[in-house]
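Dear colleague,

Please find below the structure that I promised to hand over. My notes on it follow.

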Protein chains: 2
Amino acid sequence: MQHDTIHIGLAGYGTVGSGLARILQNNREWIRKRLGKELHLKKILVQDPNKARRHVPPPDTALTMDMEDLVADPDIDIVVELIGGLDTAYSLITRSLSSGKSVVTANKALLAERGPELFNLAAKNGLGLFYEASVAGGIPIVQTLKESLAGNRIKSLTGILNGTANFILSEMTSRCIPFSQALAKAQELGYAEADPALDVEGLDAAHKLTVLIRLAHGQDYPLSKLPVQGISGTDPYDIIRARDFGYRIKLIAQVKEKSGALQAGVFPALVPDDHMLAKVDGPFNAILLEGNAVGPIMLYGQGAGDLPTGSAVLADIMSLVTRRTDYNNTGFLDAELYPAKILQPELTVSKHYFRFSVQDRPGVLSIISGIMGERNISIAQVVQKQEPDGNTVPVVFLTHAAQLQDVRAALQEIDQLSFIKAPTVHYSIL
Amino acid sequence: MQHDTIHIGLAGYGTVGSGLARILQNNREWIRKRLGKELHLKKILVQDPNKARRHVPPPDTALTMDMEDLVADPDIDIVVELIGGLDTAYSLITRSLSSGKSVVTANKALLAERGPELFNLAAKNGLGLFYEASVAGGIPIVQTLKESLAGNRIKSLTGILNGTANFILSEMTSRCIPFSQALAKAQELGYAEADPALDVEGLDAAHKLTVLIRLAHGQDYPLSKLPVQGISGTDPYDIIRARDFGYRIKLIAQVKEKSGALQAGVFPALVPDDHMLAKVDGPFNAILLEGNAVGPIMLYGQGAGDLPTGSAVLADIMSLVTRRTDYNNTGFLDAELYPAKILQPELTVSKHYFRFSVQDRPGVLSIISGIMGERNISIAQVVQKQEPDGNTVPVVFLTHAAQLQDVRAALQEIDQLSFIKAPTVHYSIL
């Protein structure tokens, strides 16, 4: 992009879109100093041009309801896709790439579902398809994996990738309130959508993890094969018990490489208090990486919001402008990704937290620990605190490292015992 | 760099140089997958080719004692400068750039002293001069400031940039030992040089801060004008008192922008326990940034060492190879940096920690607080704990926000009082 003004077509003028527009206005002089060029928001694709907006678009920006106005405009160099969802966004991105325009997107769902196809199309046309804003808001994790750590084998990546879920868990922890109440507060503050399922059930974090696995490993891990567990079932009782033991419960997205295969998943887990991720509270995100050269690295920042995510979109736009041709969309020479070699989650080894709801009678602990012993699950700590709930008591076990398949088999057997009064609560420990 | 093998000339085969060689060997296949090219370590400039080395250079790498062998070799595409120091390194870098070779360097001292001149030379020759490894080891802070946050105005940058000093302070804190003993342990573990002055007196952190100020603000802040204070005078007594108040003492490098002017310095400071930087222990580094779009961002990792720093050197090499021409060395359009508009450190406003050594007699607290009151220094907390040291007692004051020039004037007046038995100890609070 050699000309002096870069024209941008923006699709979507919600939180992030209007954040981007504000940054472009506020930091205009600064951007010119960095780039030597003007970034001009030429057109914005919206559903209703007459809608009242808190942040009015700049006067020299046209609003349109027709995607064709962006795609077919020969002046537009870069299309920024911030409408989200799968179908319209897919259509916009493919048509933009086919019309010679590079694309910046924040759409993790679409990238997770159809990323490889889109990267192939971008490569075929020699164009950029950048997506820093799709994972962890303003945190430069895409750039870091694609470039700064490109020479490293990434042994593990552990992230808090969903600010909504993290805010809810932080509220539950600091104020000892149930999930529903923390969710209501998150919705009130605008951290959670009216339909919070994508965030609290872990799917949003799974989309982001899929994108990061590609960047770290050059492999395509199908979303459908990723074990995903959310936080809607998390009981404040376990948050309190975990805290007593020196842990916080966090929604974790993780991938580990073990002898060339990948072990990945999204799950709530107990994080030790002295772990760097334990300090990541409220709507913040963080990613802790372990590279075979760089060692441990952590990146921390706001995972969402108008200006932080707008900042990531702007970084991609500026990067597209300075690079001109060498786009390096995937961080790998071939746009074609290899199918991931998947290590079955059942083989994961970690410490575990169990809460059994047992009838308070002699011998039950011995039976439970007997079954665990048969499955090679060795017990590190046990706490039984009588609660005023009839004759059922919660008994919490912390184990030493044990394989998930052994844990599942033991729990299945234990949960069928007559003195077990509710399904056992189970968390992995980081 | 269009050819299939990129030839590298490495100057210096110490910790980082041999780390780089090991990464190039171990991750060779992986790098090829990312880059589509082979990185070949063609020659290494050493002082003594016959010296016994723990990590033997690869068999197809030639050792030389003559700089000309690197500079004049037409095959060599990139020169990596890891010899440190000012004169030879300067000569190597300028001669390499004048011979059409891009340069990767970890030399923060040289960049701090003569960076602008070197960046001008690189720009004149259309070559890359990359320096990710010069600040904070493997942490991608240079890349992040140059690219990911390029569209942000950086309102503040606060870093723990010297792993040696941080290790010493961590040891003093966790084991309540004096500076000399912690330094001896750091030297034993290889974290500190035989002459530790550069690290413990803050100059190394000042070099790095100078480099970061350029990247964040596009301004040249002369090293000679940067207030620099080290940690060799830090007394474990103050570490313990600070901990009682809920603070850790850390060596901080900081720059803040206030109405277009820069306020910068390196100094030991009290960091609140719940601050993200308080958790950065041992030889780790971290940089906390506040951008006007992205908000707060923190990057954390190992600040030194063979493989982490080697990883940063490799990132620069790979980046030079993929970019071919658009090097963006400084992150600003003009290689020419503006002289920094400097806000006098005396105008800095922060909270403060004082330890007065007073003769234990009635009325002294009232005189001290009277002088502070006259200078608009308002007191937040006072702790006096009698110690078995004759009739002198340490009295610790924590203040509300006050201007440094008022603090200095008050301390100068107070230290002349007859009942003050030793110079007052003073720290800023983050």
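In chain A, the residues Ala89(A), Tyr90(A), Ile93(A), Thr94(A) and Leu97(A) of helix H4(A) meet Leu110(A), Arg114(A), Leu118(A), Leu121(A) and Ala122(A) of helix H5(A), where contact requires C-beta atoms, placed from the backbone, within 7 Å, and where helices (H or I, at least four residues) and strands (E, at least two) are DSSP runs numbered from the N terminus. The residues of this contact divide into 8 nonpolar, 1 polar and 1 charged (Ala, Val, Leu, Ile, Met, Phe, Trp, Tyr, Cys and Pro count as nonpolar, Asp, Glu, Lys and Arg as charged, and the others, Gly among them, as polar).

This is a predicted model, in which local features need pLDDT of at least 70 and side-chain atom pairs count only at pLDDT 80 or more, while totals for chains, interfaces and linings use all residues. Residues are numbered from 1 along each chain as its sequence is written, and chains are lettered from A and ligands numbered from 1 in the order in which they are written.

Helix H4 (residues 87-98) and helix H5 (residues 108-124) of chain A pack at an angle of about 10 degrees, with their axes 10 Å apart (axes are lines fitted to C-alpha atoms over the stretch in contact, and angles run from 0 to 180 degrees between N-to-C directions). H4(A) is therefore roughly parallel to H5(A), a term for angles under 35 degrees.

Most residues other than glycine have a negative phi. Asn376(A), however, has a positive phi of about 65 degrees, and Cys176(B) has one of about 50 degrees.

Best regards

Conventions
Angles under 35 degrees count as roughly parallel, over 145 as roughly antiparallel, 65 to 115 as roughly perpendicular and the rest as oblique. Two residues are in contact if their C-beta atoms, placed from the backbone, lie within 7 Å.
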